[in-house]
Amino acid sequence: RIRLAMSSSFSSPFNKELFEMEWAPMENGTWTSLGESDLSQRTAARLKADTDFKFRVRAVNNKGKSRWSHELYARSKIEPVNGGGSGPGFSWEQTPVDVSITFQLPPGVTKRDL
């Protein structure tokens, strides 16, 4: 899950302002709405692990809707599978007391170079 916080300067304390947020995977670009809310923090949950996402937000009030914000980019975390996992050029294993990370060295690099 990815949590986002929004802030805005209200034009008037009597102006009820909502935020509308959408997210989309970078790979296909189909936007999914998190709906409108007066909460300043929203959480996109149940996202596919180890995936790049884009987010956008706009303000909504009694006068209408603002333009969409610039897109914000984030990546969901890698979920451990059987006590570990891997990514580009690395792997890891974890126990309740220890985490071991293994990196691939670039070609030609030796232990001595480190």
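**View 1. Glu20, a buried residue of the predicted model.** Glu20 has a relative accessibility of 9% and therefore counts as buried, a word that stands for under 20% relative accessible area, with exposed meaning over 50% and partly exposed in between, as found with a 1.4 Å probe on protein chains only. This is a predicted model, in which local features need pLDDT of at least 70 and side-chain atom pairs count only at pLDDT 80 or more, while totals for chains, interfaces and linings use all residues. Residues are numbered from 1 along each chain as its sequence is written, and side-chain values use heavy atoms, with hydrogens and water left out.

**View 2. The salt bridge between Arg58 and Glu20.** The closest N and O atoms of this pair are 2.8 Å apart, a salt bridge being a side-chain nitrogen of Lys or Arg within 4 Å of a carboxyl oxygen of Asp or Glu. Arg58 belongs to strand S5 (residues 52-61) and Glu20 to strand S2 (residues 18-25), so that distant parts of the chain, 38 residues apart, are linked; strands are DSSP runs (E, at least two residues), numbered from the N terminus. Arg58 is buried too, with a relative accessible area of 17%.

**View 3. The salt bridge between Glu20 and Lys65.** Here the side chains meet at 3.7 Å, N to O. Because Glu20 lies in strand S2 and Lys65 in strand S6 (residues 64-65), the pair ties together parts that are 45 residues apart in sequence.

**View 4. The salt bridge between Arg56 and Glu22.** The closest N and O atoms are 2.6 Å apart, and the pair links Arg56 in strand S5 with Glu22 in strand S2, 34 residues away. Both Arg56 and Glu22 are buried.

Technical notes: Helix = DSSP H or I, 4+ residues; strand = E, 2+ residues; numbered from the N terminus.
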